[in-house]
Amino acid sequence: MMRQYLKLYIDGQWVDPAEPKTLGVENPATEQVCGRVALGSAADVDRAVAAARRAFADWSLTTREQRLDILQRILTEYQQRADDLAEAITEEMGAPVTLAAGPQVGLGLGHLNTAIEVLKSYPFEQQRGATLFVKEPIGVCGLITPWNWPMNQVAVKVFPALATGCTMVLKPSEVAPFSAHIFTEVLHAAGVPAGVFNLVQGDGPGVGVALAGHPDVDMVSFTGSTRAGVEIARNAAPTVTRVTQELGGKGPNIILDDAAFAANVGSGVANLMSNSGQSCSAPSRMLVPSARMDEAADVAREATEKLTVGDPTGDVALGPVVSRAQFDKIQSLIQKGIDEGATLVTGGTGRPDGLETGYYIKPTVFANVSNEMTIAREEIFGPVLAILGYDNVDDAVEIANDTDYGLAGYVAANDLEKAQAVARRLRSGWVVINDGFDFHAGFGGYKRSGNGREWGEFGFHEYLETKAILGYAPESAG
């Protein structure tokens, strides 16, 4: 049955867009339109921002306890709609059912629980001597999210914004908009006050540009490509709006030379290939000792060729990539790797055997990649691994840091002390040792991977202004 989400959510109501336009949403597994959503415009952004501005007057003054109550009610509703969210994510962006019902929906739940935990004890006020420092909600926030981890990206913006007393307008990706509509139903059912949260579906030119440049928006949080992030910042500059960005990545994964080498290569393959490689934090450059390049290639081939690719509603490891545009881009970059002389270990261009329809990519591994090759420089955003050799640890660190990006880095080793030493030297906002994970770890990038941080208490900081009240107490205080 075709989904029809033809209204926007503004000021606590489902309303018609200012202009009656819709957009067809394609199922990447079938290449068929599987639903339609309303296509908003600048006029709808104006309405939504005005609603958020009105609501801010009261919502910004709510107590910690009142906001905790709302978040707890959202938690209850979110859990009840988990299956609906998972089905929508599989349909809109091709995540296999186990991935959609597991990490895709689960990360949103994890960020909600984390926001509740942080809010319970977050220090909104601190006195030093005679001065009081107060952290206050920044105001109306424009939240622009991508298609690759739809619930994760919505959650890391909406929940900290709600927790800190901000109001907001969400523009999810028009490529994968179904789950955001269901998420909005969750917030409505939980009783989020009118105007605090607003949803305007639409594309970048029609809604994203208007939201980023709106004079009544106090902060823009954007997750997506570096190219689009630059445009968001340009649009926000005339109003001196705060902009936080989580952008592209080209994550290095340094495998140290020890007894766990083969296991760590296999783990690195699995980590990259998850979500069909469509993660900005993916460990897409695997760095191995040059002397063990052939061994790494053999292990990576074996691990990759075990991965099943196919209909995401079935029991498969990888579904399609999200769209024809992504499919074509990945195909051209695989060809570029071949043309530039990297060793094609497995995979390659074209669809996997037996899959004539759908944007399916052969899980691909290249060995003997140099860091100057296109596949080592550009974010591929697909199931394509580049294996590079290094001579020693210093060489590995130099190669790892020789990139325009700095979002996520990885180190795998038996010897924790050695791994720690390498991790400290990586120029990345997130460095993972041996598959560590923490919902409270601030997530964000160095260099062209963005600015600002999300996750845990670090996500709260972005939605707050700091006010210093001097002479608040007698001088003898403190």
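Visitor: Which residues of helix H8 are buried, and why do they line one face of the helix?

Guide: This is a predicted model, in which local features need pLDDT of at least 70 and side-chain atom pairs count only at pLDDT 80 or more, while totals for chains, interfaces and linings use all residues. Residues are numbered from 1 along each chain as its sequence is written, and side-chain values use heavy atoms, with hydrogens and water left out. In H8, residues 226-236, the buried positions (buried means under 20% relative accessible area, exposed over 50%, partly exposed in between, with a 1.4 Å probe and protein chains only) are Thr226, Ala228, Gly229, Ile232 and Ala236. They line one face because, seen down the helix axis, they fall within an arc (taken from the directions from the axis to the C-beta atoms) of 155°.

Visitor: Which exposed residues does the face of H8 turned away from its buried side carry?

Guide: Helices (H or I, at least four residues) and strands (E, at least two) are DSSP runs, numbered from the N terminus. The buried residues of H8 pack against strands S8, S11, S12 and S18 and against helix H7, with contact meaning heavy atoms within 4.5 Å. The face turned away from that buried side carries the exposed residues Arg227 and Arg234.

Visitor: In the sheet with the order S1-S5-S4, which strands stand at the edges?

Guide: Three strands form this open sheet, and the pairing is mixed; two strands pair if DSSP finds at least two bridges between them. One side of each edge strand is left without a neighbour in the sheet, because each has a single partner strand; these are S1 (3-5) and S4 (22-27).

Visitor: What angle does the direction of helix H6 make with that of S1?

Guide: S1 runs parallel to S5 (residues 32-38), joined by three bridges, and Arg3 stands opposite Gly35 in S5. Helix H6 (residues 178-189) packs on the sheet, touching S1, S4 and S5. With axes as lines fitted to C-alpha atoms, for helices over the stretch in contact, and angles running from 0 to 180 degrees between N-to-C directions, H6 and S1 make an angle of about 60°.

Visitor: Is Thr184 buried or exposed?

Guide: Thr184 is found in helix H6. Leaving out residues up to four places away in sequence, Thr184 touches Tyr9, Trp14, Phe197 and Leu199. Its relative accessibility is 0%, so Thr184 counts as buried.

Visitor: Within what arc do the buried residues of helix H10 fall?

Guide: H10 (residues 293-305) has 13 residues and reaches 18 Å from its first C-alpha to its last, close to the 18 Å expected at 1.5 Å a residue, where the expected span is 1.5 Å times one less than the number of residues. Its buried residues are Met293, Ala296, Ala297, Val299, Ala300 and Thr304, whereas Asp294 and Glu305 on the other side are exposed. The buried set lines one face of H10, because seen down the axis it falls within an arc of 165°.

Visitor: Which residues have the most contacts inside the largest nonpolar core?

Guide: A nonpolar core is a set of buried Ala, Val, Leu, Ile, Met, Phe, Trp, Tyr and Cys residues joined through side-chain atoms within 4.5 Å. The largest has 73 residues, and those with the most contacts inside it are Ile74, Val158, Phe159, Leu162 and Phe197.

Visitor: What is the phi of Phe381?

Guide: Most residues other than glycine have a negative phi. Phe381 is found in the loop between helix H12 (374-377) and S17, and counts as buried because its relative accessibility is 15%. Although Phe381 is not a glycine, its phi is positive, at about 60°.

Visitor: In the open sheet of seven strands, which residue stands opposite Ile254?

Guide: The order is S15-S16-S17-S14-S13-S19-S20, with mixed pairing. Strands S13 (residues 252-255) and S19 (residues 408-412) pair in the parallel sense over three bridges. Opposite Ile254 stands, in S19, Val411.

Visitor: What angle does the direction of helix H13 make with that of S17?

Guide: H13 (residues 393-401) packs on the sheet and touches S13, S14 and S17. Its direction and that of S17 make an angle of about 140°.
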